[in-house]
Amino acid sequence: MKKLLSIYNTLLENFGPQGWWPAETDFEVIVGAILTQATSWSNVEKSISNLKKKGVLNPKSLHEIKAGSLAKLIKSSGYFNAKARKLKCFMDFLHCNYDGNLSVMLSQPKERLRKELLEVWGVGPETADSIILYAAHKPSFVVDAYTKRIFSRIGFLKANASYDEVKHFFEKNLPKGVKFYKEYHALVVELGKTYCRKKPLCKECCVNRFCSKQFA
DNA sequence: GGCCAGGACACCA
DNA sequence: TGGTGTCATGGC
(Lines give C-alpha, C1' and ligand atoms only; values in the text may rest on other atoms or scores of the structure.)
Protein backbone atom coordinates (compact mmCIF):
# COMPACT_ATOMS: atom_id res chain seq x y z
CA MET A 1 0.00 0.00 0.00
CA LYS A 2 1.49 3.28 -1.13
CA LYS A 3 -0.04 5.19 1.78
CA LEU A 4 1.99 3.21 4.31
CA LEU A 5 5.16 4.20 2.47
CA SER A 6 4.01 7.81 2.22
CA ILE A 7 3.42 7.88 5.97
CA TYR A 8 6.91 6.47 6.53
CA ASN A 9 8.42 9.21 4.37
CA THR A 10 6.38 11.87 6.17
CA LEU A 11 7.51 10.61 9.56
CA LEU A 12 11.12 10.46 8.42
CA GLU A 13 10.92 14.05 7.17
CA ASN A 14 9.35 15.24 10.43
CA PHE A 15 11.37 13.32 12.99
CA GLY A 16 14.53 12.27 11.16
CA PRO A 17 16.21 8.84 11.44
CA GLN A 18 15.74 7.34 14.91
CA GLY A 19 18.54 4.78 14.70
CA TRP A 20 16.90 2.29 17.06
CA TRP A 21 17.54 0.29 19.25
CA PRO A 22 19.39 2.48 21.78
CA ALA A 23 21.73 -0.23 23.13
CA GLU A 24 25.39 -1.21 22.95
CA THR A 25 24.86 -4.97 22.56
CA ASP A 26 22.21 -7.43 21.39
CA PHE A 27 21.91 -8.70 24.95
CA GLU A 28 21.18 -5.18 26.15
CA VAL A 29 18.43 -4.96 23.52
CA ILE A 30 16.75 -8.04 24.97
CA VAL A 31 16.96 -6.82 28.56
CA GLY A 32 15.64 -3.42 27.49
CA ALA A 33 12.79 -5.01 25.54
CA ILE A 34 11.56 -6.75 28.69
CA LEU A 35 12.12 -3.78 30.97
CA THR A 36 10.30 -1.34 28.73
CA GLN A 37 7.02 -3.28 28.85
CA ALA A 38 4.37 -0.67 29.70
CA THR A 39 7.12 1.67 30.86
CA SER A 40 8.70 4.82 29.51
CA TRP A 41 12.22 4.40 28.19
CA SER A 42 13.61 7.07 30.53
CA ASN A 43 12.80 4.81 33.50
CA VAL A 44 14.40 1.83 31.76
CA GLU A 45 17.63 3.75 31.10
CA LYS A 46 18.22 4.08 34.84
CA SER A 47 17.81 0.33 35.31
CA ILE A 48 20.17 -0.42 32.42
CA SER A 49 22.69 1.95 33.94
CA ASN A 50 22.41 0.18 37.31
CA LEU A 51 22.94 -3.22 35.68
CA LYS A 52 26.03 -1.93 33.88
CA LYS A 53 27.47 -0.40 37.04
CA LYS A 54 27.02 -3.72 38.84
CA GLY A 55 28.61 -5.54 35.92
CA VAL A 56 25.68 -7.91 35.46
CA LEU A 57 24.50 -6.88 32.01
CA ASN A 58 25.78 -10.07 30.39
CA PRO A 59 24.29 -13.58 30.00
CA LYS A 60 26.48 -15.25 32.63
CA SER A 61 26.00 -12.70 35.42
CA LEU A 62 22.31 -12.21 34.82
CA HIS A 63 21.84 -15.96 34.94
CA GLU A 64 23.63 -16.15 38.28
CA ILE A 65 22.15 -13.13 40.06
CA LYS A 66 19.24 -13.79 42.43
CA ALA A 67 15.82 -12.46 41.46
CA GLY A 68 15.62 -10.34 44.61
CA SER A 69 18.92 -8.60 43.91
CA LEU A 70 17.94 -8.10 40.29
CA ALA A 71 14.61 -6.57 41.30
CA LYS A 72 16.41 -3.90 43.34
CA LEU A 73 18.58 -2.95 40.37
CA ILE A 74 15.62 -2.57 38.02
CA LYS A 75 13.30 -0.83 40.46
CA SER A 76 13.05 2.30 38.33
CA SER A 77 11.43 0.32 35.50
CA GLY A 78 8.33 -0.39 37.56
CA TYR A 79 6.75 -3.85 38.04
CA PHE A 80 10.23 -4.76 39.24
CA ASN A 81 9.32 -8.08 40.87
CA ALA A 82 7.47 -9.26 37.78
CA LYS A 83 10.22 -8.03 35.45
CA ALA A 84 12.96 -9.62 37.53
CA ARG A 85 11.08 -12.91 37.20
CA LYS A 86 10.67 -12.39 33.45
CA LEU A 87 14.38 -11.73 32.99
CA LYS A 88 15.24 -14.81 35.04
CA CYS A 89 12.84 -16.92 32.95
CA PHE A 90 14.53 -15.70 29.77
CA MET A 91 17.97 -16.45 31.21
CA ASP A 92 16.83 -19.97 32.16
CA PHE A 93 15.59 -20.45 28.62
CA LEU A 94 18.88 -19.20 27.15
CA HIS A 95 20.98 -21.47 29.35
CA CYS A 96 18.77 -24.55 29.06
CA ASN A 97 18.31 -24.36 25.30
CA TYR A 98 21.50 -22.66 24.08
CA ASP A 99 23.96 -23.19 26.93
CA GLY A 100 23.92 -19.44 27.51
CA ASN A 101 25.21 -18.73 24.01
CA LEU A 102 23.24 -15.73 22.76
CA SER A 103 24.77 -15.76 19.28
CA VAL A 104 23.54 -19.29 18.67
CA MET A 105 20.06 -18.39 19.89
CA LEU A 106 19.89 -15.30 17.68
CA SER A 107 21.11 -17.19 14.62
CA GLN A 108 18.10 -19.54 14.66
CA PRO A 109 15.57 -19.25 11.82
CA LYS A 110 13.14 -16.43 12.47
CA GLU A 111 10.01 -18.58 12.79
CA ARG A 112 11.66 -21.03 15.15
CA LEU A 113 13.10 -18.23 17.29
CA ARG A 114 9.72 -16.48 17.52
CA LYS A 115 7.96 -19.68 18.53
CA GLU A 116 10.55 -20.40 21.21
CA LEU A 117 10.53 -16.86 22.58
CA LEU A 118 6.73 -16.88 22.87
CA GLU A 119 7.01 -19.96 25.06
CA VAL A 120 9.14 -18.04 27.57
CA TRP A 121 7.07 -16.68 30.47
CA GLY A 122 6.97 -12.89 30.23
CA VAL A 123 7.74 -12.69 26.52
CA GLY A 124 4.68 -11.74 24.50
CA PRO A 125 4.41 -11.01 20.78
CA GLU A 126 5.71 -7.43 20.90
CA THR A 127 8.72 -8.33 23.02
CA ALA A 128 9.47 -11.37 20.84
CA ASP A 129 9.31 -9.32 17.64
CA SER A 130 11.47 -6.58 19.18
CA ILE A 131 14.10 -9.18 20.03
CA ILE A 132 13.95 -10.72 16.56
CA LEU A 133 14.16 -7.35 14.78
CA TYR A 134 16.56 -5.37 16.96
CA ALA A 135 18.72 -8.12 18.49
CA ALA A 136 18.61 -10.91 15.88
CA HIS A 137 18.40 -8.38 13.04
CA LYS A 138 15.77 -10.38 11.15
CA PRO A 139 12.72 -8.79 9.48
CA SER A 140 9.81 -9.12 11.91
CA PHE A 141 7.53 -6.08 12.11
CA VAL A 142 6.94 -4.85 15.66
CA VAL A 143 3.43 -3.82 16.63
CA ASP A 144 2.89 -1.78 19.76
CA ALA A 145 0.04 0.16 21.35
CA TYR A 146 0.90 3.26 19.32
CA THR A 147 0.80 1.31 16.06
CA LYS A 148 -2.67 0.00 16.79
CA ARG A 149 -3.94 3.32 18.12
CA ILE A 150 -2.64 5.49 15.31
CA PHE A 151 -3.42 3.27 12.34
CA SER A 152 -6.89 2.39 13.59
CA ARG A 153 -7.64 6.07 14.16
CA ILE A 154 -6.66 7.02 10.63
CA GLY A 155 -8.88 4.23 9.33
CA PHE A 156 -6.33 1.64 8.20
CA LEU A 157 -7.15 -0.95 10.85
CA LYS A 158 -10.08 -2.18 12.90
CA ALA A 159 -9.90 -0.85 16.44
CA ASN A 160 -10.07 -4.39 17.81
CA ALA A 161 -7.58 -5.93 15.37
CA SER A 162 -5.42 -8.60 16.96
CA TYR A 163 -1.64 -8.33 17.24
CA ASP A 164 -1.07 -10.85 14.46
CA GLU A 165 -3.61 -9.18 12.18
CA VAL A 166 -1.85 -5.84 12.51
CA LYS A 167 1.57 -7.41 12.04
CA HIS A 168 0.38 -9.26 8.93
CA PHE A 169 -1.15 -6.04 7.55
CA PHE A 170 2.17 -4.20 7.71
CA GLU A 171 4.31 -7.08 6.50
CA LYS A 172 1.97 -7.67 3.57
CA ASN A 173 1.83 -4.03 2.52
CA LEU A 174 5.41 -2.90 3.08
CA PRO A 175 8.65 -3.94 1.38
CA LYS A 176 10.46 -6.39 3.63
CA GLY A 177 13.68 -5.08 5.15
CA VAL A 178 15.40 -5.17 8.53
CA LYS A 179 16.60 -1.57 8.48
CA PHE A 180 13.25 -0.39 7.14
CA TYR A 181 11.21 -2.27 9.77
CA LYS A 182 13.48 -0.97 12.52
CA GLU A 183 13.07 2.61 11.42
CA TYR A 184 9.33 2.34 10.76
CA HIS A 185 8.56 1.09 14.25
CA ALA A 186 10.83 3.68 15.87
CA LEU A 187 9.16 6.48 13.93
CA VAL A 188 5.68 5.29 14.89
CA VAL A 189 6.70 5.32 18.55
CA GLU A 190 8.12 8.81 18.17
CA LEU A 191 4.90 9.96 16.54
CA GLY A 192 2.86 8.33 19.27
CA LYS A 193 4.86 9.91 22.06
CA THR A 194 4.63 13.31 20.41
CA TYR A 195 1.05 13.48 19.19
CA CYS A 196 -0.96 10.47 20.12
CA ARG A 197 -0.97 9.32 23.70
CA LYS A 198 -4.47 8.48 24.86
CA LYS A 199 -5.91 11.67 23.48
CA PRO A 200 -7.27 11.91 19.93
CA LEU A 201 -4.73 12.64 17.22
CA CYS A 202 -3.91 16.35 17.25
CA LYS A 203 -4.74 18.21 14.08
CA GLU A 204 -1.09 19.25 13.80
CA CYS A 205 -0.06 15.60 13.70
CA CYS A 206 1.82 15.01 10.47
CA VAL A 207 -0.16 11.88 9.52
CA ASN A 208 -3.50 13.63 9.83
CA ARG A 209 -3.56 14.26 6.09
CA PHE A 210 -3.74 10.49 5.56
CA CYS A 211 -6.86 10.20 7.71
CA SER A 212 -9.99 8.70 6.22
CA LYS A 213 -12.01 10.81 8.62
CA GLN A 214 -11.56 14.18 10.25
CA PHE A 215 -10.20 14.65 13.75
CA ALA A 216 -10.71 17.66 15.96
C1' DG B 1 -2.90 14.20 43.06
C1' DG B 2 -4.00 12.04 38.76
C1' DC B 3 -2.67 10.29 34.40
C1' DC B 4 0.23 7.70 31.56
C1' DA B 5 4.18 4.85 29.84
C1' DG B 6 7.82 1.28 23.69
C1' DG B 7 3.10 -5.44 27.81
C1' DA B 8 2.09 -9.74 29.60
C1' DC B 9 -0.32 -12.81 32.41
C1' DA B 10 -4.09 -14.77 35.37
C1' DC B 11 -8.68 -15.23 36.03
C1' DC B 12 -13.48 -15.26 34.91
C1' DA B 13 -17.79 -15.45 32.29
C1' DT C 1 -12.53 -15.59 23.05
C1' DG C 2 -12.85 -11.21 25.12
C1' DG C 3 -12.91 -8.22 29.17
C1' DT C 4 -10.81 -6.91 33.53
C1' DG C 5 -7.46 -6.72 37.33
C1' DT C 6 -2.64 -6.84 38.60
C1' DC C 7 2.08 -5.71 38.45
C1' DA C 8 4.65 -0.27 40.34
C1' DT C 9 8.02 3.52 39.48
C1' DG C 10 8.77 8.18 37.79
C1' DG C 11 7.83 12.31 34.82
C1' DC C 12 4.62 15.80 33.77
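**Briefing: domains, core and DNA-facing surfaces**

In this predicted model, Ile131 touches Val29, Ile30, Ala33, Leu117 and Ala136, leaving aside residues up to four places away in sequence. Ile131 is also listed, with Ile30, Val31, Leu87 and Phe90, among the residues that touch the most other members of the largest nonpolar core, which has 53 residues. Chain A is assigned two domains, domain 1 (2-19 + 141-210) and domain 2 (26-135).

- The core lies between domain 1 (2-19 + 141-210) and domain 2 (26-135), because both give residues to it.
- In soluble globular proteins, nonpolar side chains tend to be buried together.

**Contact between the domains**

- Taken over C-alpha atoms, the centres of domain 1 and domain 2 are separated by 25 Å.
- Eight residues from domain 1 and six residues from domain 2 make up the contact.
- On the side of domain 1 that touches domain 2, α12 gives the most, with three residues.
- By class, that side of domain 1 has six nonpolar and two charged residues, and no polar ones.

**Surface near DNA strand B**

- DNA strand B is surrounded by 25 residues, of which the closest are Gln37, Ala38, Trp41, Gly124 and Thr127.
- Helices α9 (125-135) and α12 each contribute at least two residues to this surface.
- With four residues, α9 gives the most to the surface near DNA strand B.
- The class make-up of the surface near DNA strand B is 11 nonpolar, nine polar and five charged residues.

**Surface near DNA strand C**

- Around DNA strand C are Ala38, Thr39, Ser40, Ser42, Asn43, Lys75, Ser76, Gly78, Tyr79, Phe80, Asn81 and Ala82.
- Helices α3 (41-54) and α6 (80-98) each provide at least two residues of the surface near DNA strand C.
- The largest share of that surface, three residues, comes from α6.
- Seven polar, four nonpolar and one charged residues form the surface near DNA strand C.

**Leu70**

- Leu70 is placed in helix α5 (residues 67-73).
- Because 23 other C-beta atoms lie within 10 Å, Leu70 is buried; the cut-off for that class is 20 or more.
- Not counting residues up to four places away in sequence, Leu70 touches Ile65, Ala84, Leu87 and Lys88.
- Leu70 and Glu183 are 113 residues apart in sequence, and their C-alpha atoms are 31 Å apart in space.

**Lys52**

- Lys52 is part of helix α3.
- Lys52 has 14 C-beta neighbours inside 10 Å and therefore counts as partly exposed, a class that falls between the exposed limit of 12 or fewer and the buried limit of 20 or more.
- Lys52 and Glu28 are 24 residues apart along the chain, with 9.7 Å between their C-alpha atoms.

**Helix α1**

- Helix α1 (residues 2-15) has 14 residues, which at 1.5 Å a residue should span 20 Å; the end C-alpha atoms are 20 Å apart, so the two values agree.
- Gly16 follows α1 and has a positive phi, near 80°.

Key:
Residues are numbered from 1 along each chain as its sequence is written. Chains are lettered from A and ligands numbered from 1 in the order in which they are written. This is a predicted model: local features need pLDDT of at least 70, side-chain atom pairs count only at pLDDT 80 or more; totals for chains, interfaces and linings use all residues. A nonpolar core is a set of buried Ala, Val, Leu, Ile, Met, Phe, Trp, Tyr and Cys residues joined through C-beta atoms within 7 Å. Domain bounds come from an automatic or database domain assignment. Two residues are in contact if their C-beta atoms, placed from the backbone, lie within 7 Å. A residue is near a molecule or strand if its C-beta atom, placed from the backbone, lies within 6 Å of it. Ala, Val, Leu, Ile, Met, Phe, Trp, Tyr, Cys and Pro count as nonpolar, Asp, Glu, Lys and Arg as charged, and the others, Gly among them, as polar. The expected span of a helix is 1.5 Å times one less than its number of residues.
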